[in-house]
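Here is a short report on one protein model.

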Amino acid sequence: MRGGGKVAARAKSPSPPPAPTTIPTTSWAPADRSVPEIIGSLQEDYYNLCMEKSRKINSFVWHLLQEVDEEIEKGLEGITLNIPGNSRLMPVERITGEDFWILSRILKKNPYINGLDVRYNLMSDVGAYYAARLLQKQHKLIYLNLMFNDIGPEGGELIAKALHKNTTLKYLRMTGNKIENKAGMFFAAMLQINSSLEKLDLGDCDLGMQSVIAFATVLTQNQTIKGINLNRPILYGEQEESTVHLGHMLKENHCLVALHMCKHDMKNCGIKQLCDALYLNRSLRYLDVSCNKITRDGMVCLADVLKSNTTLEVIDLSFNRIEDVGAKYLSETLASHNRSLKALSVVNNNIKGEGLVALSQSMKTNPILSNVYIWGNKFDEATCVAYSDLIQTGRLKPDNTDVEPFVVDGHVYLAEVSNGLKKHYYWRPTYGEACSQSSNAGSILVPVGPDL
């Protein structure tokens, strides 16, 4: 593999956590309930194991296990156990690596749980060790979310190696764990062996150029990964080498559906590399190049490739700088040539009235483009009137855009609403559904398994 190499230090398996000096005082009497004899209730198993190992009972986990037990009693299967450390709907006691040890023990043979979400907790490398063991022993788990759990390179290595033999996990989210280039290389190597993983999120993991090149190289051969997130790697230099390799990968790969390259320090040369590949690629449907340094010149390339590419359905250009000229390039293509793109986000792109009105006009002749997100640009009255008309005539549905018109003293203005392609990528809402369609339209329009 290009960019590969041996790693000198190996991850050490942490020993089981020591017993605390105080015995928990929580008391509980199991209720008389009908459950499968082979496992007993999760809440009862959790209590008994905490008593056996002299571990303090986590009240947050205790409450959530009770809810899962109730779902199991109803005959439900394929249940995802959600233990989010950032929930604001109830008091949260974040789980540690030692807490996850107990949790993994009660889950490893449970036939009803096939998803586990422990985002924003305090698992660290200790918890990663037990997560790796769970992946080796639990053969029902298809979804695992470990985002922002203080997992480092050693913990990342353990999880990557556990996936060498795992044949059931399909969706893994490691977002925000600083596994760095070292563990990134182990994940790339894993994709040469694993044939079940379909979606992998390594955004904000401090990957280096070496591991990004390794992923690009491996994905030229991997035929199972449908979605990959490589957001915000730590890159040095001005040559945009990552886009060169990922562009080459797109020419060879015919299975990848979603590619996220947010915060790659990508400029016009980089987007041109990707566009050159998209002339040949016939599988990619979701391209995320938000939070880069793409300007109007880059839109010349993208507009041209959209004239012939018929597979791209969602493009996220948020937080670039395409301005009026770039918006007009896209508008002309969308109005006269492209009939496959469904969603376009140009949030915060320094676009003024002329470019925004051009985009609104393209929607009148393009019946396929359904979602447009424009907040953060410079609205004039013509812009406000144009998008107000689209919404009032029904051409643009209120759930499919991030603005809402209102009138003051006879003048039309636009207010922001919380809709977008991935509004809840990092956080959970304080009310409503955590994965609402209007706030996470990207994963609805191009579904690649659960919304990671």
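## A strand hairpin

Strand β12 (residues 403-408) and strand β13 (residues 411-416) run antiparallel and are joined by 6 bridges. Strands pair if DSSP finds at least two bridges between them. Proline 405 has leucine 414 of β13 as its bridge partner. The hairpin of β12 and β13 has 2 residues between the strands, and aspartate 409 takes a positive phi near 55° there.

Strands (E, at least two residues) and helices (H or I, at least four) are DSSP runs, numbered from the N terminus.

## Basis of the model

This is a predicted model: local features need pLDDT of at least 70, side-chain atom pairs count only at pLDDT 80 or more, and totals for chains, interfaces and linings use all residues. Residues are numbered from 1 along each chain as its sequence is written, and side-chain values use heavy atoms, with hydrogens and water left out.

## Helix α4 against helix α5

Helix α4 (residues 124-137) packs on helix α5 (residues 153-162) at an angle of about 0°, with the axes 8 Å apart. The two are therefore roughly parallel (angles under 35 degrees). Axes are lines fitted to C-alpha atoms, for helices over the stretch in contact, and angles run from 0 to 180 degrees between N-to-C directions.

From α4, the contact (heavy atoms within 4.5 Å) uses Asp125, Ala128, Tyr129, Ala132, Leu135 and Gln136. From α5 come Glu154, Gly155, Leu158, Ile159 and Ala162. The contact residues divide into 7 nonpolar, 2 polar and 2 charged. Ala, Val, Leu, Ile, Met, Phe, Trp, Tyr, Cys and Pro count as nonpolar, Asp, Glu, Lys and Arg as charged, and the others, Gly among them, as polar.

## Helix α10 against helix α11

The axes of α10 (residues 296-305) and α11 (residues 323-336) come within 8 Å and cross at roughly 10°. So α10 is roughly parallel to α11. Residues of α10 in the contact include Met299 and Leu302; those of α11 include Tyr329 and Leu330.

## Nonpolar cores

The largest nonpolar core has 117 residues. A core is a set of buried (under 20% relative accessible area, 1.4 Å probe, protein chains only) Ala, Val, Leu, Ile, Met, Phe, Trp, Tyr and Cys residues joined through side-chain atoms within 4.5 Å. Phe215 is among those with the most contacts inside it.

Terms used
Parallel < 35°, antiparallel > 145°, perpendicular 65-115°, else oblique. Buried < 20%, exposed > 50% of the residue type's maximum accessible area, 1.4 Å probe, protein only.
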